[in-house]
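I opened this notebook to record what I looked up in one protein model.

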Amino acid sequence: MQVVKIAPSVVDIGDKAPVQLSASVINADFNGETIIWKSENPEVATVDVNGLVTPIKKGHVKIWATTADGRYADFSVVTIHQDVAVKEYGADELYVYPNPVKSELKVKNLNIYSYAEVINIAGQRVKLFDSNKAFIVEDLLPGIYVLKINGKTHMQSFRFLKI
């Protein structure tokens with residue numbers, strides 16, 4: 001008897017972007033059951049309490065959605081195709097850290113910018129920063145966002161995960 005259904009059941013990740021899985025209780029006799037998420041191999045990919053899978057390194061991993069009592073489960077097979085190792089940055093290259101972030105994003109090698117904005121996955125601007133202000137993002141909901149930094153002569157975007 002199937003009680004838990006996970007979707008999608010197969011996932012291919014070609015870069016280091018997190019992927020959202022969903023799980024539901026499909027048997028009416030078990031409505032109200034709590035779903036627990038688990039990665040079979042956290043060295044390849046981790047999963048949070050909401051089913052957001054974050055790739056760590058190249059490989060295959062099963063991500064499980066299980067009822068709280070552990071009696072019923074389903075899984076998704078996740079394949080990470082590219083190595084997601086840490087990139088080395090040049091002395092004058094911008095980069096955003098920490099990523100994932102809880103409260104404040106920092107930008108290495110940022111001198112002066114005109115303004116910056118945070119854009120959600122739907123393409124909507126959800127936050128605007130004036131020049132040389134701290135990038136406080138603690139009020140954002142967990143998810144994937146883009147920090148778009150606009151300088152006097154150029155623009156640069158960075159994808160980040162708010163946890």
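The entries below cover provenance, overall values and strands.

**Provenance.** I note that this is a predicted model, in which local features need pLDDT of at least 70, side-chain atom pairs count only at pLDDT 80 or more, and totals for chains, interfaces and linings use all residues. Residues are numbered from 1 along each chain as its sequence is written, and side-chain values use heavy atoms, with hydrogens and water left out.

**Overall.** I found zero helices and 16 strands; helices (H or I, at least four residues) and strands (E, at least two) are DSSP runs, numbered from the N terminus. Of the 163 residues, 37% are buried, meaning under 20% relative accessible area with a 1.4 Å probe, protein chains only. Among contacts (heavy atoms within 4.5 Å) with a separation of 6 or more, 48% join residues 24 or more positions apart.

Aspartate 12 has threonine 79 in β9 as its bridge partner.

**Four-stranded sheet.** I traced an open, antiparallel sheet in the order β13-β12-β15-β16. Its edge strands, β13 (125–130) and β16 (155–162), each pair on one side only. Between β12 (residues 115–120) and β13 I recorded five antiparallel bridges, and glutamate 117 stands opposite leucine 128 in β13.

Conventions
Pairing = 2+ DSSP bridges. Buried < 20%, exposed > 50% of the residue type's maximum accessible area, 1.4 Å probe, protein only.
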